[in-house]
Amino acid sequence: MIRRPPRSTLFPYTTLFRSVAALLLTSCQRDTRYLGNTTPPAGQRLVYANTNEPGTLDPALAAATETWNIINSVFEGLLIYDPVTSQPMAGMATHYEVSADGKEYTFYLRGHRHPQGTRLPDIDSLPQEFTHGAHAPPDSVPAHWSDGSVVTATDFVYSWRRIVDPRTGSPFASDLALILNAKEITAGKSSPDQLGAEARGDFTLHVSLVAPTPWFLGLVTSYPPVPRQAVERAMSAGNPDAWIRQRDLPCNGPFAISEW
């Protein structure tokens, strides 16, 4: 139980709080560069005041919040979160279908000529304060990595297999355990190519689950693709972590890394 202090004890603290609050309010009125200023900067620049140096920007291995601040800026998943409703919205995928039993999902990526199923809301559904006049590209226009290559369903299959592969040592392998055969792969009882994620063409990703998972759309916002070409080049050179620090790291998000 928390006891309320006697009124005589509260009075000095209340008076002090009011005094401090008055000083803070006075300070805010004198400096409007930040507090109360909602005018966005003119340039395309994003600044984070991270508390610590990021250990890695590899989505399969990063666990700290300050690391994901950056990862979410340079890599984009199938879906992202709506900044107004916090519900999943279009990322690399624009449409999805789910089977009657809730165990089969089909995602249609940007670039698909005839996407089907439920259309995901995109930035055109956001208020003006978020878009500042920008519009979503047509669904038929594919997304690209910053090196010019197209983002395909195979990129997601490769990246998710890498997460559940025990050789990667990802702390998020259990998060994908709801995908068919993921548990067996992580336990070393099956090979990564048995994961229930399949590319059916460049822009169609089919995922099989072990059971109906209503939160699956929210889950896939957290596991973006990684540039296979960069990862495999670093692995063949005997330095599997080097790809994340290369200056020309291929990114598929709104920002690219120019220097670390």
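Two strands count as paired if DSSP finds at least two bridges between them.

**Entry 1. The chain as a whole.** I opened a predicted model. I looked up its elements and found 7 helices and 7 strands in the protein chain. Read from the N terminus, they run α-α-β-β-β-β-β-α-α-α-β-β-α-α. I then took the burial figure: of the 260 residues in the protein chain, 38% are buried. For the contacts with a separation of 6 or more, I noted that 61% join residues 24 or more positions apart. The accessible surface of the protein chain is about 15,700 Å², and carbon and sulfur atoms hold 54% of that surface.

**Entry 2. The sheet.** I next asked in what order the strands of the open sheet lie. The order is β5-β3-β4-β7-β6, with 5 strands and antiparallel pairing. The edge strands are β5 (118-119) and β6 (197-199), each of which pairs on one side only.

**Entry 3. β3 and β4.** I followed strand β3 (residues 93-98) to its antiparallel pairing with β4, which extends over 5 bridges. Within this pair I located Y96 opposite F107 of β4. The hairpin of β3 and β4 has 5 residues between the strands, and there G102 adopts a positive phi near 75 degrees. I also checked the cover of strand β4 (residues 104-109) and recorded it as mostly covered, with 5 of its 6 residues buried.

**Entry 4. β4 and β7.** I turned to the other partner of β4. Strand β7 (residues 204-208) pairs with β4 in the antiparallel sense, again over 5 bridges. T106 lies opposite H206 in β7. Y108 lies opposite T204 in β7.

**Entry 5. The cover of β7.** Why is β7 described as largely enclosed by the rest of the structure? I found that 5 of the 5 residues of β7 are buried, so the description holds. For the burial calls I applied the cut-off of under 20% relative accessible area. I then separated the strand by face, since in a regular strand the side chains alternate between the two faces of the sheet.

**Entry 6. β6 and β7.** I examined the pairing of β6 with β7, which is antiparallel and has 3 bridges. The hairpin of β6 and β7 has 4 residues between the strands. In this hairpin G201 takes a positive phi near 95 degrees.

Entry 7. I asked how many cavities of 30 Å³ or more are present. The count is 1 cavity. The volume of the largest cavity is about 30 Å³. I recorded its lining as P59, A60, S159, R162, I163, P224 and V226. By class, the lining residues of the largest cavity comprise 5 nonpolar, 1 polar and 1 charged.

Technical notes:
Residues are numbered from 1 along each chain as its sequence is written. This is a predicted model: local features need pLDDT of at least 70, side-chain atom pairs count only at pLDDT 80 or more; totals for chains, interfaces and linings use all residues. Side-chain values use heavy atoms; hydrogens and water are left out. On a 1 Å grid over the protein atoms alone, a cavity is a set of points where a 1.4 Å probe fits but cannot get out, and a pocket is an open set with protein on both sides within 12 Å along at least five of seven lines; lining residues have an atom within 4 Å of a point. Grid points are joined across faces, edges and corners, and a volume is the space filled by probe spheres set on the points. Ala, Val, Leu, Ile, Met, Phe, Trp, Tyr, Cys and Pro count as nonpolar, Asp, Glu, Lys and Arg as charged, and the others, Gly among them, as polar. Helices (H or I, at least four residues) and strands (E, at least two) are DSSP runs, numbered from the N terminus. Buried means under 20% relative accessible area, exposed over 50%, partly exposed in between (1.4 Å probe, protein chains only). Contact means heavy atoms within 4.5 Å. Accessible areas come from the Shrake-Rupley method with a 1.4 Å probe; for residues, only the protein chains shown count as cover.
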